[in-house]
Amino acid sequence: VVVDVPTIQVSTVPKLQQTFHNPVYCCATTGTKLDDSKTKAAFGLEIIAKDRQDSIFIIGQDRAALNTLIESIKNKTVNPSLIIATAPSLLEQDAEEYLKYASVPAIYLDTPKGGAIVASTIFNTLVSLAWRVNNY
């Protein structure tokens, strides 16, 4: 699981430790940002995604990281298992259209509401449901 901000990492790790034991990698805390034209999360996403192309990507705060993820998908450097995108302001029209019609499974909000906590809640709910089905 690859997330854009520490809030999501902190909110999802306990549920994963109780269930599937997947690691959670945070883009915003990965290394030192060397490129001033990108946010720390967008820069970190480029680094993490190289080794985790088929991960679940959760973008709850940083729209630049979402744009970086979409560009990586278009360039075929990543192929996410799922994208959860809940950035709190309206997504750029291009990103919204891409997620709507992409061949990648995606859960996204197209409203000004959302954020890291919403993304964490969606993911934790999916993990709980998957765990129940897996252990039924």
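Visitor: Where does Lys76 lie, and what marks out the ends of that loop?
Guide: Lys76 lies in the loop between α3 and β4 (82–85). The ends are set by DSSP runs: helices are H or I runs of at least four residues, strands are E runs of at least two, and both are numbered from the N terminus.

Visitor: What kind of model is this?
Guide: It is predicted: local features need pLDDT of at least 70, side-chain atom pairs count only at pLDDT 80 or more, and totals for chains, interfaces and linings use all residues. Residues are numbered from 1 along each chain as its sequence is written, and side-chain values use heavy atoms, with hydrogens and water left out.

Visitor: Why is Lys76 called exposed?
Guide: Exposed means over 50% relative accessible area, buried under 20%, and partly exposed in between, with a 1.4 Å probe and protein chains only. Lys76 has 73%, so it is exposed. Its phi is near 60°, a positive value in a residue other than glycine.

Visitor: What is the phi of His21, and what makes His21 count as exposed?
Guide: Phi of His21 is positive, about 60°, although His21 is not a glycine. His21 sits in the loop between α1 (6–18) and β2. Its relative accessibility is 60%, so it counts as exposed.

Visitor: How do you know that helix α2 is largely enclosed?
Guide: Seven of the 10 residues of α2 (residues 40–49) are buried, so the rest of the structure largely encloses this helix. They are Ala41, Ala42, Phe43, Gly44, Leu45, Ile48 and Ala49. Phe43, for one, has a relative accessible area of 12%, so it is buried.

Visitor: What do the buried residues of α2 pack against?
Guide: They pack against β1 (2–3), β2 (25–26), β3 (56–59) and α3 (63–74). Contact here means heavy atoms within 4.5 Å.

Visitor: What makes α2 and α3 roughly parallel?
Guide: They pack at an angle of about 30°, with their axes 7 Å apart. Angles under 35 degrees count as roughly parallel, over 145 as roughly antiparallel, 65 to 115 as roughly perpendicular and the rest as oblique. So α2 is roughly parallel to α3. The axes are lines fitted to C-alpha atoms over the stretch in contact, and angles run from 0 to 180 degrees between N-to-C directions.

Visitor: Which residues make the contact between α2 and α3?
Guide: Ala41, Ala42, Leu45 and Glu46 of α2 meet Ala64, Ala65, Thr68 and Leu69 of α3. By class, that is six nonpolar, one polar and one charged residues. Ala, Val, Leu, Ile, Met, Phe, Trp, Tyr, Cys and Pro count as nonpolar; Asp, Glu, Lys and Arg as charged; the others, Gly among them, as polar.

Visitor: What makes a set of residues a nonpolar core?
Guide: Its members are buried Ala, Val, Leu, Ile, Met, Phe, Trp, Tyr and Cys residues joined through side-chain atoms within 4.5 Å. The largest one has 35 residues, and Ile58 and Leu69 have the most contacts inside it. Elements giving two or more residues to this core include β1, α4 (93–101) and α5 (116–134).

Visitor: Why is Leu82 called buried?
Guide: Leu82, in strand β4, has 15% relative accessibility, so it counts as buried. Leaving out residues up to four places away in sequence, Leu82 touches Ser55, Ile56, Phe57, Pro105, Ala106, Ile107 and Leu126.

Visitor: How do you know that Ser72 is buried?
Guide: Its relative accessible area is 11%, so Ser72 is buried. Ser72 is in helix α3.
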